[in-house]
Amino acid sequence: MRLRLLHLILGDDQYSLPVSDPVLRSKLAKMDSAVSSCAAASAPCSSGKGVWDILNRGADRTYLWVDLPFTSTDNYTKSGDITNSYNRLLSMITVYYTQGSSFYGNTALKNDVLSALDWLYTQKYNTTVAPYGNWYHWQIGVPQALTKIGILMRDDLTAAQLTNYMSAVNRFIPDSAARTVSGSPLMTGANLLDQAISVAYRGILVKDAAKITNARDALGSVFAYVSPASAPNTPARDGFYQDGSFHE
């Protein structure tokens with residue numbers, strides 16, 4: 001299942017090297033420039049504008065990127081800095097595994113991602129941290145990025161790293177309908193699907209059949225056929241109408 005997900009994420013069985021298709025070459029170039037705007041041989045560079053170029057590598061760092069400092073007085077923005085940090089690491093590690101990328105197999109890039117993941121686990125997203133701000137980041141934003149990172153990096157993570165990262169995900173979404181953070185709504189429709197995806201990915205990574213089953217069953221409930229409410233002001237259930245449209 002993990003190998004199938006790798007093919008979906010990377011598309012590495014759908015094109016040949018060297019890449020000649022202009023659309024695919026343009027896509028790879030955009031992915032690379034988002035990671036580093038300098039030549040691959042000199043990346044990361046101090047004059048660069050990519051997320052790898054501006055990554056904070058300081059031993060005593062309190063943030064990974066200066067524009068995501070975790071210091072906003074607005075807790076919603078502050079919690080968003082966690083999701084955005086993981087998303088940037090996802091973009092970095094994706095090019096590491098993408099054949100045809102200038103950063104394919106770049107060991108320095110991978111090591112910086114690993115260091116940043118450990119820092120985020122210790123400082124921001126773990127099994128004991130007190131959540132703040134928007135529930136979405138703790139239950140959907142971070143789990144989606146972190147489980148996808150895990151799918152990509154499974155063979156490059158230690159057993160302890162995989163356990164740590166996936167235990168943090170499980171703390172916030174132990175099941176697809178979980179509401180572990182204050183303010184989280186009843187999980188239906190897109191929110192339920194988002195959490196189910198992360199629960200499934202985690203289940204695949206740690207080989208937990210019960211989690212995969214939970215995610216499968218959650219998906220099934222969303223794809224049920226429903227009928228529009230017949231009485232005024234009576235909401236219809238989530239699901240698909242017979243004409244194929246979706247109601248949430």
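Is Lys110 buried or exposed? Select it in this predicted model: Lys110 is buried, with a relative accessible area of 14%.

Lys110 forms a salt bridge with Asp156, and the closest N and O atoms are 3.6 Å apart. Lys110 sits in helix 4, while Asp156 is in the loop between helix 5 and helix 6, so the pair links distant parts of the chain, 46 residues apart. Asp156 counts as partly exposed, at 27% relative accessibility.

Stay with that loop and select Asp155. Its salt bridge is with Arg2, where the closest N and O atoms are 3.9 Å apart. Arg2 belongs to helix 1, so this pair ties together parts that are 153 residues apart in sequence.

Next, select Asp67 and Arg88. They form a salt bridge with the closest N and O atoms 2.8 Å apart. Asp67 lies in the loop between helix 2 and helix 3, and Arg88 lies in helix 3, 21 residues apart. Asp67 is partly exposed, with a relative accessible area of 42%. In total, the count comes to five salt bridges.

Asp32 is buried yet has no salt bridge; Arg25, the nearest side chain of opposite charge, is 10 Å away. What does the side chain of Asp32 reach at 2.9 Å? It is the backbone nitrogen of Ser102. Beyond its neighbours within four places in sequence, Asp32 is in contact with Val95, Ser101, Ser102 and Phe103.

Now switch to the nonpolar side chains. The largest nonpolar core has 66 residues, and Tyr86, Met92 and Met153 have the most contacts inside it. Among the elements that give two or more residues to this core are helix 1 (2–10), helix 3 (75–97) and helix 5 (135–153). Helix 5 gives the most, with ten residues. Centre on Tyr86: leaving aside neighbours within four places in sequence, its contacts include Leu117, Tyr121, Val142 and Ile149.

Finally, zoom out to the cartoon. The protein chain has eight helices and two strands, running α-α-α-α-α-α-α-α-β-β from the N terminus on. Its radius of gyration is 20 Å, close to the 18 Å that the globule rule gives for 248 residues, so the chain is as compact as a globular protein of that length. Buried residues make up 45% of the 248 residues.

Methods:
Residues numbered from 1 in each chain as written. Predicted model: local features only at pLDDT ≥ 70, side-chain atom pairs only at ≥ 80, totals over all residues. Heavy atoms only, no water. Buried < 20%, exposed > 50% of the residue type's maximum accessible area, 1.4 Å probe, protein only. Lys, Arg positive; Asp, Glu negative; His and termini not counted. Salt bridge = Lys/Arg side-chain N within 4 Å of Asp/Glu carboxyl O. Polar contact = N/O pair within 3.5 Å; in protein donor to acceptor, adjacent residues only side chain to side chain. Contact = heavy atoms within 4.5 Å. Core = buried A, V, L, I, M, F, W, Y, C linked by side-chain atoms within 4.5 Å. Helix = DSSP H or I, 4+ residues; strand = E, 2+ residues; numbered from the N terminus. Rg over C-alpha atoms; globule rule 2.2 N^0.38 Å.
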